[in-house]
Amino acid sequence: MKHWKNTTVILCAGVSFAALAATTQGAMAESGRMAFERECSDCHMAFPPQLMPKRSWHAITSSLDSHFGEDASLDPAVTKKIQDYLEANAADTGGRTRGALRGIRDNETPMRITEMPWWVGIHKYEVRPSAFKDPRVRSKSNCMACHRGAKNGNYDDD
């Protein structure tokens with residue numbers, strides 16, 4: 001009987017450690033998302049990682065000292081958390097967002113969402129180029145100017 005109790009304790013401890021490990025991994029992924037949202041939305045909308053491939057996010061986060069003409073350098077540990085989050089949730093990690101890769105060759109590393117073929121295809125005929133010069137819009141990367149729900153991943157026309 002005592003052997004059975006020890007076995008039960010070991011099994012329970014094994015389950016607890018597994019649950020703890022899963023919870024810890026979830027917290028790490030969550031902290032990456034939170035760091036991404038906090039740090040990146042200081043200057044622009046925190047774009048959904050599913051909009052670009054892993055290699056693009058890696059290139060962008062590896063050159064934050066020259067981030068589209070700005071020095072967006074972060075603490076290396078924070079950068080790593082953000083990079084891991086973006087790469088784990090990129091368009092080429094599966095799921096329903098693989099269409100974001102349509103038109104991108106394996107040897108291409110897009111650096112701007114607004115240069116992705118799907119983005120250009122949608123906006124080329126629906127938006128006048130002058131719209132991006134409107135002071136309320138300012139740039140192609142200001143999704144929230146036209147898509148009020150963009151911050152929450154809703155890009156329906158408003």
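At the start of H3, the backbone nitrogen of Ala77 has a side-chain oxygen of Asp75 within 3.0 Å. This is a predicted model, in which local features need pLDDT of at least 70 and side-chain atom pairs pLDDT 80 or more, while totals for chains, interfaces and linings use all residues. Residues are numbered from 1 along each chain as its sequence is written, and side-chain values use heavy atoms, with hydrogens and water left out.

**Helix H3**
- Buried residues (under 20% relative accessible area, 1.4 Å probe, protein chains only) in H3 include Val78, Ile82, Tyr85 and Leu86.

**Aromatic pairs**
- The structure holds two aromatic pairs (ring centres within 6.5 Å, with the six-membered ring used for Trp; planes under 30 degrees apart are stacked, over 60 edge-to-face, the rest tilted).
- Phe36 and Tyr85 form a tilted pair, at 5.6 Å centre to centre and 40° between the planes.
- That pair links Phe36 in helix H1 (residues 2-40) to Tyr85 in helix H3 (residues 76-88), 49 residues apart.
- Both Phe36 and Tyr85 are buried.
- The pair of Trp119 and Phe132 is tilted because the ring centres are 6.0 Å apart and the planes are at 35°.
- Trp119 lies in helix H4 (residues 117-126) and Phe132 in the segment after H4, 13 residues apart.

Note on methods
Helices (H or I, at least four residues) and strands (E, at least two) are DSSP runs, numbered from the N terminus. Buried means under 20% relative accessible area, exposed over 50%, partly exposed in between (1.4 Å probe, protein chains only). A polar contact is a pair of N or O atoms within 3.5 Å; within protein, one must be able to donate a hydrogen and the other to accept it, and residues adjacent in sequence count only if both atoms are side-chain atoms.
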